[in-house]
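This report describes selected features of one protein model, section by section. Please keep the sequence and the coordinates at hand while reading.

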Amino acid sequence: MTAFENYFRSLKRVLGREDIYDIWPDFEPEYGEREFTWVTLRGLGEVLLLNCGRCEGPSDVRHPRCKACVESRSRLAKNVYKTVTGREKDRWSTVVLCRIHVF
């Protein structure tokens with residue numbers, strides 16, 4: 001269990017509301033749908049990086065919104081990959097959810 005999972009589990013206990021959410025509370029996604037890239041990493045192959053931007057979500061595909069986001073953006077990335085490389089992409093070896101900050 002991550003520190004954040006433990007925090008939100010404790011919050012439910014303190015509020016006496018075990019029914020308010022499963023693992024993570026709900027949130028409003030905020031990200032650029034086309035903010036992704038792929039890189040080749042030794043031992044992993046082609047890895048898809050999804051920039052979660054300023055999204056307040058947990059970056060955890062167990063949350064339905066994160067799962068839907070990853071599935072949608074992975075499909076979009078496959079289409080872009082095919083356009084750029086001319087090759088079909090069955091699946092990404094690894095999908096990394098990250099927040100890229102530029103100063």
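## Basis of the report

The model is predicted: local features require pLDDT of at least 70 and side-chain atom pairs count only at pLDDT 80 or more, whereas totals for chains, interfaces and linings use all residues. Residues are numbered from 1 along each chain as its sequence is written, and side-chain values use heavy atoms, with hydrogens and water left out.

## Helix α2

Helices (H or I, at least four residues) and strands (E, at least two) are DSSP runs, numbered from the N terminus. Helix α2 has 22 residues. From first C-alpha to last, α2 reaches 31 Å, close to the 32 Å expected at 1.5 Å a residue; the expected span is 1.5 Å times one less than the number of residues.

An α-helix has 3.6 residues a turn, so residues three or four places apart point the same way.

## The nonpolar core

A nonpolar core is a set of buried Ala, Val, Leu, Ile, Met, Phe, Trp, Tyr and Cys residues joined through side-chain atoms within 4.5 Å. The largest one has nine residues: Phe36, Leu48, Leu50, Val70, Leu76, Ala77, Val80, Tyr81 and Trp92.

Leaving aside residues up to four places away in sequence, Val80 touches Arg34, Phe36 and Trp38. The ring of Tyr81 has the charged end of Lys89 over it, 5.4 Å from the ring centre; this description requires NZ of Lys or CZ of Arg within 6 Å of the ring centre and within 35 degrees of the ring normal.

## Two serines

Ser74 lies in helix α2 and is buried, with a relative accessible area of 11%. The side chain of Ser74 reaches the backbone oxygen of Val70 at 2.7 Å. Ser74 also touches Leu48, Trp92 and Val95, not counting residues up to four places away in sequence.

Ser59, by contrast, is partly exposed, with a relative accessible area of 25%. Ser59 is found in the loop between β2 (45–51) and α2 (64–85). Its phi is near 55 degrees, a positive value in a residue other than glycine.

## Aromatic pairs

Rings of Phe, Tyr and Trp (its six-membered ring) pair if their centres lie within 6.5 Å; planes under 30 degrees apart count as stacked, over 60 as edge-to-face and the rest as tilted. By this rule there are five aromatic pairs. One of them joins Phe8 and Tyr21, whose ring centres are 6.2 Å apart and whose planes lie at 90 degrees, so the pair is edge-to-face. Phe8 belongs to helix α1 (residues 3–15) and Tyr21 to the loop between α1 and β1 (36–41), so the pair ties together parts that are 13 residues apart in sequence.

Phe8 counts as buried at 19% relative accessibility, and Tyr21 counts as buried at 12%. Together with Tyr7, Phe8 and Tyr21 form one aromatic cluster.

Note on methods: Buried means under 20% relative accessible area, exposed over 50%, partly exposed in between (1.4 Å probe, protein chains only). Contact means heavy atoms within 4.5 Å. A polar contact is a pair of N or O atoms within 3.5 Å; within protein, one must be able to donate a hydrogen and the other to accept it, and residues adjacent in sequence count only if both atoms are side-chain atoms.
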